[in-house]
Amino acid sequence: MILPPSHPQRLELNDEVHARPPEALAPGLRLSYLALLGDPAHREASWEAVCDLARRSAAAPPLPGASHYSADLGPFRLKWERHTEFSRFMVITPGADAADPFANPALAAVPAGWVQALPGQLLVATHLALLPEGEGPLDPDTLSNRLFAGNSLVGGTVSGGAARVFTDFRIHAGGFGRILVQDHGTTPRQAGRLIQRLLEIDTYRMLALLALPLARELGPHITASERKLAEITEALVTARSADEPELLERLTRLAAGTESREARTLYRFSAAEAYDALVQRRIAELREGRMEGMQTLQEFMERRLAPALNTCRAMAARQDALSRRVARATQLLSTRVDLTREQQNQVVLANMDRRAQMQLRLQETVEGLSVAAITYYIVGLVAYVAKGLKAGGLPLDADLVTGIAIPVAAIAVALGLRQLRHVIARRATPFPPPAGR
């Protein structure tokens, strides 16, 4: 059967749901896990580091552009994943001493110097041991004293009682955290999914907490900005029109600073919400059960992670509220400035109207004087003509003719100037019509 042409991303989109599958893990193993933050350049360098390690072990390296890789490199198995802002590496080796499963970590099997050269900033480093049923102590206090430096343990039964998890969420000597998983009947795929969820909880917990230092740093700035805004809005109540430009400049600077900080922190606060949601989802997938004397992972996150994220949410809400208040104050002050400008424009237009009226009256006065002057010259010419005709023998009274010519000339000149004014007005270039009409 011949199918229609496929969408260019059909295969890529279909395989996306199968990307980064969990490893099939059997009890009796050691695992070392690293998560490193990095920019796009570091992400590309992490791929090159994996290629280098694969070539040293004579294994096929990941393909260019790959975002995950899993291969058996002889003494150990490597799993690598590249995400948006971090890369993570998982080194797995068989065998775990029940007496001290963290004594010889899996990362010791990696060539010397390779881990130190990894690009990015280390965010999470964890050693995990998966022990079979019946190996190692089950009492939390004994476990804490032997393997977790006497710290309070967090965990309990998971996967419906098929395994037990113990951790203290602390960084031990050597810079690594510790997670102990005691298997009681999980399948290899189930154990792989369980361990992947535990490591993702630890990773996403740290990624969510990246917003906390930013929230603490942001607090004093928001408090200072709120105080400045209060001062400006209070000054608006009694401000005169002469004070408005200076207030508008202060408010504009405040708005620019607020928008700059919001643009700088928006991604981190939004990412914290997304990572927290992932932590809660992974915990729900564990199907936890309580063990006497221990906090569950859910309880630990509610008491330790939730308050930190609530601080971030509160700071993000304060910042958003400040931005909206600054916008309202800016709009209010801009309205006042516009009203002041409109009043000034009305004064200017009134002055222009008065000047136009004065010019019109002056023009009418000049026009009247022009009629009188022109009439005077015309009547003078008529008088000369009448006297000339009388001297030539015509029976004319020059004074009478001159007297009659005065009103006739005045009316003719007035009508002529009026007609000339109308002609000039008709020939004047009209204003262009508004655009779109």
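Me: What makes strands β1 and β4 a pair?
Reply: This is a predicted model. In it, β1 (residues 29-37) and β4 (residues 86-94) are joined antiparallel by nine bridges. Pairing needs at least two bridges, so the two strands qualify. L37 has F86 as its bridge partner in β4. For Y33, the bridge partner in β4 is M90.

Me: What joins β1 to β5?
Reply: Nine bridges, with the strands running antiparallel. Y33 stands opposite T126 in β5.

Me: Which way do β5 and β8 run, and how many bridges join them?
Reply: They run parallel, and six bridges join β5 to β8 (residues 177-183). L128 has I179 as its bridge partner in β8.

Me: What links β3 to β4?
Reply: Six bridges, in an antiparallel run. R77 is partnered with I92 in β4. The two strands form a hairpin, with three residues between them.

Me: Why is the sheet called open, and what is its strand order?
Reply: The order is β2-β3-β4-β1-β5-β8-β7-β6, eight strands in an open sheet with mixed pairing. β2 (68-72) and β6 are the edge strands, and each pairs on one side only. From one strand to the next, the twist averages 15 degrees.

Me: Which helix packs on this sheet, and where?
Reply: Helix α2 (residues 40-56) packs on the sheet and touches β2, β3 (77-82) and β4. The direction of α2 makes about 165 degrees with that of β3.

Me: Why is β5 described as largely enclosed?
Reply: Nine of the eleven residues of β5 (residues 121-131) are buried, so the rest of the structure largely encloses this strand.

Me: How do you know that β4 is mostly covered?
Reply: Eight of the nine residues of β4 are buried. Buried means under 20% relative accessible area.

Me: Which residues touch the most other members of the largest nonpolar core?
Reply: L31, V181, L198, L199, L251, Y275 and M301, in a core of 62 residues. Helix α7 (residues 297-391) gives the largest share, 13 residues. Another core lies apart from the largest one. This other core has 24 residues, among them L34, L53, A59 and A106.

Me: Why would such side chains sit together?
Reply: In soluble globular proteins, nonpolar side chains tend to be buried together.

Me: Why is E200 called buried?
Reply: E200 has a relative accessible area of 5%. The cut-off is under 20%, so E200 counts as buried. The residue sits in helix α4 (residues 188-209).

Me: What does E200 touch?
Reply: R88, R205 and R282, leaving out residues up to four places away in sequence. Contact means heavy atoms within 4.5 Å.

Me: Where is S159, and is S159 buried or exposed?
Reply: S159 lies in the loop between β6 (154-158) and β7 (163-167). The relative accessible area of S159 is 9%, which is under 20%, so S159 is buried. Beyond its neighbours within four places in sequence, S159 contacts Q190, L194, L286 and R287.

Me: Which phi value does F169 have?
Reply: Phi of F169 is near 55 degrees, again positive in a residue other than glycine. F169 is found in the loop between β7 and β8.

Me: Why does F169 count as buried?
Reply: F169 has 18% relative accessibility. The cut-off is under 20%, so F169 counts as buried.

Definitions and conventions:
Residues numbered from 1 in each chain as written. Predicted model: local features only at pLDDT ≥ 70, side-chain atom pairs only at ≥ 80, totals over all residues. Heavy atoms only, no water. Helix = DSSP H or I, 4+ residues; strand = E, 2+ residues; numbered from the N terminus. Buried < 20%, exposed > 50% of the residue type's maximum accessible area, 1.4 Å probe, protein only. Axes fitted to C-alpha atoms, helices over the stretch in contact; angles between N-to-C directions. Core = buried A, V, L, I, M, F, W, Y, C linked by side-chain atoms within 4.5 Å.
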